[in-house]
Amino acid sequence: MSLVLLTHPLPEDWIASLRGRVELLIGPESPVGFSPELLERLPEAEGLLTLLTDRVDEALLARAPRLRVVSNMAVGVDNVDVAACTRRGIPVGNTPGVLADATADLTLALLLAAARGIFQAAADARQGRWTTWSPTGWLGADLAGAVVGIVGMGQIGRAVARRVHGFGARIVYVNPSPRPQVEAVLGAERVPLERLLRESDFVTLHCPLNAETRHLIDADALRAMKPTAVLVNAARGAVVDTTALVQALRERWIAAAALDVTDPEPLPPEHPLYHLPNCLITPHIGSATHGTRRRMAEIACENLLAGLEGRRLPHCVNPEVYDEG
Ligand code: GLV
């Protein structure tokens with residue numbers, strides 16, 4: 001049986017399809033990444049089932065000459081050196097689609113929480129500062145009639161677009177290619193990033209992290225946004241320049257940020273972002289619903305088994321590996 005390294009324990013019923021079909025070596029709950037025990041068996045491993053917290057780089061691959069598949073239990077694969085895998089003819093699997101609704105729901109929760117100051121308002125109520133109904137107390141922003149700028153119109157971006165359209169917002173978006181369907185059905189308009197930043201009341205990020213998108217939201221981008229705007233990031237932390245964001249929130253270049261992802265991740269507890277009243281942070285929970293995480297694990301297992309059995313991965317991010325052989 002092929003040896004598979006799973007870097008972190010997963011519920012048994014999520015990975016049931018692997019039992020009896022592979023030899024599974026499972027890493028510890030913590031720390032994250034490849035434990036010494038897993039690294040020791042790397043030379044024999046034919047499959048890796050990884051999380052987004054595991055780095056699969058050239059150095060790791062060099063120690064795994066028998067490797068035939070890398071299956072990442074995430075839609076994002078920025079933790080994997082995909083080009084290095086491709087050079088070795090190793091297919092890389094991901095888990096798209098199934099997490100779009102859960103991530104879009106979380107995005108709306110963050111966006112609305114930031115727009116309406118929910119965390120501060122709830123803390124005020126709990127701590128006895130709700131002494132009367134105040135006509136001017138706890139005022140926030142409307143989503144109906146607002147302009148929502150969506151950066152990245154993939155499956156998650158589209159799920160966010162459907163939701164904000166339902167709330168009565170107007171949508172502008174940035175994407176490498178036009179999306180005729182969202183334009184026809186939701187009235188979304190594809191615009192240059194510079195215009196999206198200038199016009200949007202909410203800017204929400206749903207692009208992959210790569211060389212083009214790293215620090216896409218830098219100091220210049222933040223300065224271009226409205227002083228009343230809210231930034232939401234449920235993509236990858238490094239799409240935003242964290243240092244610039246701290247300054248932007250402190251000096252009120254923008255009104256607020258709501259982040260499900262940060263750079264670094266997690267942020268150290270003393271990080272200034274945790275201490276800014278206009279910044280809301282959740283611990284990378286976009287896909288964290290029972291049903292979604294289970295489905296992601298099942299798809300990761302399907303990709304893994306396909307790779308080991310020499311079949312095409314149902315969800316492969318480097319399909320060119322099949323053209324070359
Ligand atoms: C989560 O961030 C994912 O990429 O699946």
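In this predicted model, the largest cavity is lined by Asn 233, Gly 237, Val 240, Thr 242, Leu 245, Leu 259, Val 261, Thr 262, Asp 263 and Leu 273. By class, this lining comprises five nonpolar, four polar and one charged residues.

The chain divides into domain 1, made up of 3–97 + 290–324, and domain 2, spanning 100–281. Taken over C-alpha atoms, the centres of domain 1 and domain 2 are 32 Å apart.

The interface of these domains can be described in terms of contacts and area. Six residues of domain 1 are in contact with five residues of domain 2. About 500 Å² is buried between domain 1 and domain 2, with 46% of that area on carbon and sulfur atoms. Of the area that domain 1 buries against domain 2, 71% is supplied by Leu 52, Asp 78 and Gly 97, more than by any other three residues.

One salt bridge is found across the interface of domain 1 and domain 2. Asp 78 also meets Arg 236 through their side chains in a salt bridge, with an N to O distance of 2.9 Å. Between domain 1 and domain 2, three residue pairs are in polar contact. The side of domain 1 that touches domain 2 holds two nonpolar, three polar and one charged residues.

Key:
Residues numbered from 1 in each chain as written. Predicted model: local features only at pLDDT ≥ 70, side-chain atom pairs only at ≥ 80, totals over all residues. Heavy atoms only, no water. Domains from an automatic or database assignment. Contact = heavy atoms within 4.5 Å. Buried area = accessible area lost by both parts, 1.4 Å probe. Salt bridge = Lys/Arg side-chain N within 4 Å of Asp/Glu carboxyl O. Polar contact = N/O pair within 3.5 Å; in protein donor to acceptor, adjacent residues only side chain to side chain. Nonpolar A, V, L, I, M, F, W, Y, C, P; charged D, E, K, R; others polar. 1 Å grid on protein atoms, 1.4 Å probe; cavity = no way out; pocket = protein on both sides within 12 Å on 5 of 7 lines; lining within 4 Å.
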